[in-house]
Amino acid sequence: MDQKDLKIALIQTDLVWENPEENRFNFTEKINSISEDVDVIILAEMFTSGFTMHPEVVAETMNGITVSWMKDLAKKTNAAITGSIVIQEETNYYNRLLFVEPSGKIWSYDKRHTFTLAGEDKVYKAGNKKIIIDYKGWKICPMICYDLRFPVWARNTDNYDVLIYVANWPVTRIDAWDTLLKARAIENMSYCIGVNRIGIDGIDVKYCGSSAVYDVLGKKLTDLSLNKEAIQIVTLNKNHIKKYRNALKFLDDRDEFTYLR
């Protein structure tokens with residue numbers, strides 16, 4: 001069923017280092033505290049562990065506890081739940097975003113741009129497929145953290161409506177996070193959502209959140225405080241997208257290209 005509005009809940013929170021059970025418990029409490037109906041609940045990157053380079057400690061399979069937990073909560077809340085976790089397939093580890101619908105349907109996206117500065121490329125296998133999720137008549141393009149720095153990968157060639165980034169983006173480079181989220185919204189004429197964690201992880205990297213939603217003109221629609229746990233609900237409107245795409249037609253002038261890598 002197509003919906004003109006899509007109600008999104010952003011959960012900005014600290015994460016317990018390499019402790020999936022404790023993180024699931026904390027997120028269960030937060031998700032259960034949402035008192036209004038929403039369509040999508042967005043968690044951070046590696047929300048069960050923090051941004052660990054020790055996948056063998058926290059890795060699960062697609063038949064594991066966290067996937068079952070997401071399916072159960074999605075059904076209970078009647079909302080899709082998305083965020084990334086560490087998944088193992090045979091001998092490979094993936095930083096995999098899961099988008100779990102209330103029906104139990106699962107969409108998955110493996111992080112394309114593994115973060116070489118932290119050695120993620122040496123530990124996790126990079127994905128090579130961009131996906132567009134069709135949910136309630138909305139086209140959603142999911143990405144993970146470092147992908148934000150690569151506009152070609154996110155280029156709106158599919159006329160998607162919403163671009164989502166889940167992240168563990170450090171406070172030392174938070175100005176880049178804020179700037180690039182806004183830029184991705186403007187250049188793709190789509191809503192752009194970024195959900196980032198707060199706190200200090202197990203290797204003393206600091207995070208301040210700055211989770212946000214931007215509309216197609218780059219206007220910020222959220223007011224989440226830095227360094228504070230919070231849940232904010234934002235309603236996206238399909239008519240907003242249609243109005244400005246029809247009036248400005250910027251996407252009609254986009255360059256044609258073929259992604260080779």
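The legends below describe close-up views of a predicted model. Residues are numbered from 1 along each chain as its sequence is written, and side-chain values use heavy atoms, with hydrogens and water left out. Because the model is predicted, local features need pLDDT of at least 70 and side-chain atom pairs count only at pLDDT 80 or more, whereas totals for chains, interfaces and linings use all residues.

View 1. Strand E1 covers residues 5-12, where helices (H or I, at least four residues) and strands (E, at least two) are DSSP runs numbered from the N terminus. Six of the eight residues of E1 are buried, a term that means under 20% relative accessible area, with exposed being over 50% and partly exposed in between (1.4 Å probe, protein chains only). E1 pairs in the antiparallel sense with strand E13 (residues 230-237) over eight bridges, and in the parallel sense with strand E2 (residues 40-42) over three bridges; two strands pair if DSSP finds at least two bridges between them. Ile11 has Ile231 as its bridge partner in E13, while Ala9 has Ile41 as its bridge partner in E2. Together with helix H1 (residues 20-32), E1 and E2 make a right-handed β-α-β unit; a crossover is right-handed if, with the strands pointing away from the viewer, the path from the first strand over the helix to the second runs clockwise.

**View 2. The salt bridge between Arg24 and Glu60.** The closest N and O atoms of Arg24 and Glu60 are 3.6 Å apart, and a salt bridge is defined as a side-chain nitrogen of Lys or Arg within 4 Å of a carboxyl oxygen of Asp or Glu. The pair links distant parts of the chain, with Arg24 in helix H1 and Glu60 in the loop between helix H2 (55-58) and helix H3 (65-77), 36 residues apart. Arg24 counts as buried because its relative accessibility is 12%, and Glu60 is also buried, with a relative accessible area of 11%. The structure holds 12 salt bridges.

View 3. Glu45 and Lys111 meet through their side chains at 3.0 Å, N to O. This pair also links distant parts of the chain, since Glu45 is in the loop between E2 and H2 and Lys111 is in the loop between strand E5 (106-110) and helix H4 (120-123), 66 residues apart. Both Glu45 and Lys111 are buried. In the other salt bridge, the side chains of Glu89 and Arg96 meet at 2.8 Å, N to O; Glu89 counts as partly exposed at 34% relative accessibility, whereas Arg96 counts as buried at 5%. Salt bridges that share partners join Glu45, Lys111 and Glu120 into one network.

**View 4. The surroundings of Cys141.** Cys141 is found in strand E7 (residues 138-144), and it counts as buried because its relative accessibility is 0%. Leaving aside residues up to four places away in sequence, Cys141 touches Lys130, Ile131, Ile132, Tyr160, Val162, Leu163 and Ile164, where contact means heavy atoms within 4.5 Å.

**View 5. A nonpolar surface patch.** Leu217, Leu248 and Phe250 make a nonpolar surface patch of about 270 Å². Leu248 lies in helix H7 (residues 238-248) and is partly exposed, with a relative accessible area of 33%. Patches are made of residues with over 30% relative accessible area and no salt bridge, with like charges joined within 9 Å and nonpolar side chains (Val, Leu, Ile, Met, Phe, Trp, Tyr) within 5 Å. Accessible areas come from the Shrake-Rupley method with a 1.4 Å probe, and for residues only the protein chains shown count as cover.
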